[in-house]
Amino acid sequence: MSSTRFLQLDVFTPRPGGGNPLGVVLGAHHWSDAGMQAFARWTNLVETTFLLPPRIAGASYRLRIFTPEREIPFAGHPSVGSAHAALETGFVDAAEDLQQECGAGVLPLRVRGTGHERRIFVRAPAARLLQRGADADLARLLHGLRPGALGAALVE
């Protein structure tokens with residue numbers, strides 16, 4: 001029987017309770033998409049990640065990133081924090097370089113140092129155009145709101 005572990009990390013800070021909170025789940029390779037989404041909703045963190053075995057040759061591990069509302073292909077602090085968790089827990093072997101498979105592809109991570117002195121650098125994927133023209137309402141794209149809802153909420 002495999003065990004599932006949940007870690008809550010503080011990313012980008014030298015002290016507990018600072019930085020960006022992140023949930024990391026290990027051993028959830030048998031979970032469904034809906035189960036991962038439900039768990040991310042339950043943690044109510046900005047992002048919760050799931051460390052999984054890679055599917056692509058050459059990748060060190062596969063990472064799925066969920067907000068409480070949906071799965072996203074990439075985010076910086078979840079990538080860095082999850083790489084740290086993968087190294088600290090032995091999910092991957094210590095290395096100077098990792099290859100993270102995620103929804104945005106396989107991304108290189110450079111690892112320098114160990115433990116609390118460890119620094120991890122990720123090469124972000126190229127930006128993609130989601131919408132253009134009159135339909136590119138920034139509030140709706142960023143917040144899932146109907147057009148004009150953000151301005152109305154600010155005025156009220």
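**Salt bridges in a predicted model**

Me: Which residue forms a salt bridge with Asp33, the closest N and O atoms being 2.8 Å apart?
Reply: This is a predicted model, in which local features need pLDDT of at least 70, side-chain atom pairs count only at pLDDT 80 or more, and totals for chains, interfaces and linings use all residues. Residues are numbered from 1 along each chain as its sequence is written, and side-chain values use heavy atoms, with hydrogens and water left out. A salt bridge is a side-chain nitrogen of Lys or Arg within 4 Å of a carboxyl oxygen of Asp or Glu. The partner of Asp33 is Arg64.

Me: Is Arg64 buried or exposed?
Reply: Buried means under 20% relative accessible area, exposed means over 50%, and partly exposed lies in between (1.4 Å probe, protein chains only). The relative accessible area of Arg64 is 12%, whereas Asp33 is partly exposed at 47%. Arg64 is therefore buried.

Me: What is the relative accessible area of Arg118?
Reply: Arg118 forms a salt bridge with Glu88, the closest N and O atoms being 2.9 Å apart. Glu88 is partly exposed, at 45% relative accessibility. Arg118 is buried, and its relative accessible area is 12%.

Me: How many salt bridges does the count come to?
Reply: Arg64 pairs with Asp33 and with Glu71, while Arg118 pairs with Glu88. The count comes to three.
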